[in-house]
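Please look through the sequence and the model shown here, and then follow the paragraphs below, which go from charged side chains to rings and surfaces.

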Amino acid sequence: MASTIGSKRTRGPNKQTPWSRRPEDEFSLLRLALDVVDPLHRAKLEGMFSAAFALRRALQRDARDRSTAYWAAPHERERRGPDAVRERLGLSQSAFEHAAYDHLDGAPHLRRFATKALAMHLADSVFHATERHLFRDASGKPHGMPHLG
């Protein structure tokens, strides 16, 4: 370990042949038709994407507000510990999932198009982005503040 401090650590050369698709292998592709000619089906599809976008945006806004509150409490983090502050602010995966459920329950018009399973999936994706911001990666750098987008 002491000899690699000054030099850049790299992995050794790959001893195996790199993977590539062989022409004799079969290729399978499942293409599902999406029929949006019918105005009813088109409206349902637009409603589903619109509801998912609105829910994701609300969760991103929650993540930004909670992260800002977390970084604004350095004395509390020092006194009680970072875990206790994250628990209080709801910076956990289950807290984000419950926030998504609350957003769905608070907006009944979204329940026509978005399910709780979709809400849980969106909450998980927003939490993972927030997690990359809160915790440093292997190089010791955190990702930027979660933003709406």
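Which residues are linked in a network of salt bridges? They are Glu76, Arg80 and Arg88, where a salt bridge is a side-chain nitrogen of Lys or Arg within 4 Å of a carboxyl oxygen of Asp or Glu. Before going further, please note that this is a predicted model, in which local features need pLDDT of at least 70 and side-chain atom pairs count only at pLDDT 80 or more, while totals for chains, interfaces and linings use all residues. Residues are numbered from 1 along each chain as its sequence is written, and side-chain values use heavy atoms, with hydrogens and water left out.

The structure has five salt bridges by this rule. In one of them, glutamate 76 pairs with arginine 88, and their closest N and O atoms are 2.9 Å apart. This pair links distant parts of the chain, since glutamate 76 belongs to helix α2 (residues 74-80) and arginine 88 to helix α3, 12 residues apart; helices here are DSSP runs (H or I, at least four residues), numbered from the N terminus. Glutamate 76 is buried at a relative accessible area of 13%, whereas arginine 88 is partly exposed at 47%; buried means under 20% relative accessible area, exposed over 50%, and partly exposed in between, with a 1.4 Å probe and protein chains only.

Within helix α3, arginine 86 and aspartate 83 also meet in a salt bridge, with 2.3 Å from N to O, and being three residues apart in this helix, arginine 86 and aspartate 83 are separated by about one helical turn. Helix α3 (residues 82-89) has Val85, Arg86 and Leu89 as its buried residues. These residues cover an arc of only 100° around the axis, which puts them on the same side of α3, the arc being that of the directions from the helix axis to the C-beta atoms. The face turned away from this buried side carries the exposed residues Asp83 and Glu87.

Another salt bridge joins lysine 116 and aspartate 105, whose closest N and O atoms are 3.8 Å apart. Because lysine 116 lies in helix α5 and aspartate 105 in helix α4, the pair ties together parts that are 11 residues apart in sequence.

Turning to the rings, the structure holds two aromatic pairs. The rings of tyrosine 70 and tryptophan 71 have their centres 5.0 Å apart and their planes at 75°, so this pair is edge-to-face; rings of Phe, Tyr and Trp (its six-membered ring) pair if their centres lie within 6.5 Å, and planes under 30 degrees apart count as stacked, over 60 as edge-to-face and the rest as tilted. Tyrosine 70 is buried at 5% relative accessibility, whereas tryptophan 71 is partly exposed at 39%. Phenylalanine 96 and phenylalanine 127 form a tilted pair, with 5.6 Å from centre to centre and 55° between the planes. Phenylalanine 96 lies in helix α4 (residues 93-106) and phenylalanine 127 in helix α5 (residues 116-134), so the pair ties together parts that are 31 residues apart in sequence.

Charges also sit over some of these rings, which requires NZ of Lys or CZ of Arg within 6 Å of the ring centre and within 35 degrees of the ring normal. The charged end of arginine 66 sits over the ring of phenylalanine 96, 5.2 Å from its centre, and that of arginine 77 sits over the ring of tyrosine 70, 4.9 Å from its centre.

Methods
Helices (H or I, at least four residues) and strands (E, at least two) are DSSP runs, numbered from the N terminus.
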